[in-house]
Amino acid sequence: MSNRSDVVELLDRCAASVHPEHVRPLLGSVLDHQAASRVAGTFAMLADPTRARIVHALSLADELCVCDLALLLDVSQSAMSHQLRLLRDHRVVARRRAGRVAYYRLADSHIRHVFADATRHALERDGAAAEPSGDAVGEAAG
């Protein structure tokens, strides 16, 4: 569907199987391809288990340096720097330098909320929210 008239024509042709009263108010509101690609890129960054652990760790603290994150997640400093660069390139985390030390934090409250919601969803059991075990979810689920 390249434009609104194509969509309206489709609605007219599919009137028996489509619910125009539900679709018409949404015309022009669905993400375009470029915006959808940016959203998908953010979710792709969160889809990697190591990056998810990094985001979770950063959701529990105001900021952490590369060395502290590497120690906390038991990965090499080089691997941590690589993952943090990817996250920063996709605006998931932000960096502050103090001399030779780089400190990372979540880029903004949107990331914190999206991650918290995703964590709660992932930990649900049979449709009911699972009880977090101590600080397994921490602030990310709060």
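Tutor: Two strands pair if DSSP finds at least two bridges between them. In this predicted model, strand S2 (residues 93-98) and strand S3 can be set against that criterion.

Student: What makes S2 and S3 a pair of strands?

Tutor: The count of bridges does: 6 bridges join S2 to S3, and at least two are required, so the two strands pair. They run antiparallel. Within S3, Tyr 103 is the bridge partner of Arg 96, Arg 105 that of Ala 94, and Val 101 that of Ala 98.

Student: What lies between S2 and S3 in the hairpin?

Tutor: The hairpin has 2 residues between the strands. Gly 99, in the turn, has a positive phi of about 70 degrees.

Student: How do you know that strand S1 (residues 64-65) is paired with S3?

Tutor: S1 and S3 (residues 101-106) are joined over 2 bridges, in the antiparallel sense. The requirement is at least two bridges, so this count meets it. Leu 64 has Tyr 104 as its bridge partner in S3.

Student: Why do S1 and S2 stand at the edges of the sheet?

Tutor: The open sheet consists of 3 strands in the order S1-S3-S2, with antiparallel pairing. S1 and S2 each have a single partner strand, so one side of each is left without a neighbour in the sheet.

Student: Which helix lies across these strands, and at what angle does it run to S3?

Tutor: Helix H4 lies across S1, S2 and S3, and runs at about 90 degrees to S3.

Student: Why are H4 and H6 called roughly perpendicular?

Tutor: H4 (residues 49-59) and H6 (residues 77-89) pack at an angle of about 80 degrees, with their axes 10 Å apart. Angles of 65 to 115 degrees count as roughly perpendicular; H4 and H6 are therefore roughly perpendicular to each other. Thr 50, Arg 51, Ile 54 and Val 55 in H4 meet Met 80, Gln 83, Leu 84, Leu 86 and Leu 87 in H6. By class, this contact has 6 nonpolar, 2 polar and 1 charged residues.

Student: What makes up the lining of the second largest pocket, and which helices each supply at least two of its residues?

Tutor: The second largest pocket has a volume of about 310 Å³. Its lining is formed by Arg 38, Val 39, Thr 42, Asp 89, His 90, Arg 91, Asp 108, His 110, Ile 111 and Val 114. Helix H3 (33-46) and helix H7 (109-122) each supply at least two of the lining residues.

Student: How do the lining residues divide by class?

Tutor: The lining of the second largest pocket has 3 nonpolar, 3 polar and 4 charged residues.

Notes
Residues are numbered from 1 along each chain as its sequence is written. This is a predicted model: local features need pLDDT of at least 70, side-chain atom pairs count only at pLDDT 80 or more; totals for chains, interfaces and linings use all residues. Side-chain values use heavy atoms; hydrogens and water are left out. Axes are lines fitted to C-alpha atoms, for helices over the stretch in contact, and angles run from 0 to 180 degrees between N-to-C directions. Helices (H or I, at least four residues) and strands (E, at least two) are DSSP runs, numbered from the N terminus. Angles under 35 degrees count as roughly parallel, over 145 as roughly antiparallel, 65 to 115 as roughly perpendicular and the rest as oblique. Contact means heavy atoms within 4.5 Å. Ala, Val, Leu, Ile, Met, Phe, Trp, Tyr, Cys and Pro count as nonpolar, Asp, Glu, Lys and Arg as charged, and the others, Gly among them, as polar. On a 1 Å grid over the protein atoms alone, a cavity is a set of points where a 1.4 Å probe fits but cannot get out, and a pocket is an open set with protein on both sides within 12 Å along at least five of seven lines; lining residues have an atom within 4 Å of a point. Grid points are joined across faces, edges and corners, and a volume is the space filled by probe spheres set on the points.
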